[in-house]
Amino acid sequence: MKPLPVELDELACERDQRELFASLSLTLKPGEVLQVAGPNGSGKTSLLRIMAGLLPASAGDMRYGGESVLRGSGRLAWRQQRLYIGHAPAVKGALTAEENLAWLCALSRPVDSDRIWEALAKVGLRGFEDVPCQNLSAGQKRRVALARLYLEHHPVWILDEPFTAIDKAGVAALEQHILAHAGEGGMVVLTTHHGLDHLPGVRCLDLEQAG
Amino acid sequence: MRRIIWLLFCREWRLAWRRPGDLLNPLVFFALVVSLFPLAVGPEPSVLRTMAPGVIWVAALLATLLSLDGMFRSDYEDGSLEQWVLSPHPLELMVLVKVVHHWMMSGLAMVILAPLFGMMLALPGSVLPVLLMTLLLGTPVLSLLGAVGAALTVGLKSGGLLLALLILPLYIPVLILGTGAMDAALQGMPVTGFALWLGCLAVLALTLAPFAIAAGLRIGVSE
């Protein structure tokens, strides 16, 4: 399916009676990467969670291909379109990397174990496929979660601090993968404190100025 | 759909078997409470027999309560629940599978152990089928109602006490019906009425609780 543009329309977010941002409007076209920036507590994660569908927006709307995804039938369709990887990587310590990925992918579409091994090799975890994740380092756990980016086929990626605990080589590989995804017409929204200025075509949304 | 149910079941099994401590906790608690009573009140069979229904049911109830707090907690903390909520698959179905698994680990295991403890408390053999039947109908209700409380308190740092306060009043009908059936059986009276009421509660909980659990988890995750 061809990716469609994501539009935010006058989106607002309020937490504990404090306005984080209001009247946030922008259009994310296929092939674009959007970096959400701003100081701590400016609502970066809240914006990502609203876009993912975890948090209700206090006002405004969000549309995918012209159809609202915050209310109505568009909500279900949106679940097939976006991949959200949050702060907590959803990796179970008692399960191996392969078992974790098999389950996380099955939540949208099951994949076979050959592809999981391939994806784990791409994130630099060859040889760790059947190690329980509690024995992996924080960075390796994050890599297990990020291996989903090589396995699933959602046009929109919503990534909250994907570079946390990842080493330099891993960051470079992930940046390339994000650009490749955008090159195929996908869209990526991410928060990071790591500068992405050296990457071509990355838009930046500063919530402090917007809010 | 069938595949996701199966995969979730396998995942829960693996998680349970790799942390056998969590698995055994409620069972050991159940066994300890039931086996301490004869030591405390003396081995007089007539005394034990009158107390047995109450002791077994209260122990089963508290053992279930003990295991509830951890039901969704680890999935909440490591972000797994977020992914469940975001999945295109119905959350209600996934939580039902999770509760069924929880029941097999606690309720069903207690049902299997119950005849042994029944005999230890001098229950006559003719009453044991009634004990099994009431536990088999009652423990799923305990797990399902408890999961509603666990879902509502999942976002709280120490929800254990609140969970007990929320859930215990809802457990009382099951406790009364379960022990009532046992008392009736001990006196040789029919137990059909109690069994039908327990069955009603079980069917009601099985159909409605998954929606309440899913709604509670959605609220917990969006906090």
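Two residues count as being in contact if their C-beta atoms, placed from the backbone, lie within 7 Å. Before you click, note that this is a predicted model, where local features need pLDDT of at least 70, side-chain atom pairs count only at pLDDT 80 or more, and totals for chains, interfaces and linings use all residues. Residues are numbered from 1 along each chain as its sequence is written, while chains are lettered from A and ligands numbered from 1 in the order in which they are written.

**Stop 1: where the chains meet.** Select the contact between the chains: 24 residues come from chain A and 21 from chain B. On the chain B side, α1 (2-18) and α5 (80-86) each supply at least two residues. Highlight α1(B), which gives the most, with 7 residues. Helices here are DSSP runs of H or I with at least four residues, strands are runs of E with at least two, and both are numbered from the N terminus. Now colour that side of chain B by class: you'll get 8 nonpolar, 6 polar and 7 charged residues. In this scheme Ala, Val, Leu, Ile, Met, Phe, Trp, Tyr, Cys and Pro are nonpolar, Asp, Glu, Lys and Arg are charged, and the others, Gly among them, are polar.

**Stop 2: chain A as a whole.**

Stop 3: Strands pair if DSSP finds at least two bridges between them. Zoom in on β6(A) and β7(A) (residues 156-160), which pair in the parallel sense over 4 bridges. Look for A:Ile85, with A:Leu159 of β7(A) opposite.

Stop 4: Is A:Gln17 buried or exposed? A:Gln17 counts as exposed because there are 5 C-beta neighbours inside 10 Å. The cut-offs are 20 or more other C-beta atoms within 10 Å for buried, 12 or fewer for exposed, and partly exposed in between, with C-beta atoms placed from the backbone. You'll find A:Gln17 in the loop between β1 (6-15) and β2 (18-28) of chain A. Check the backbone of A:Gln17 too: phi is near 60°, a positive value in a residue other than glycine.
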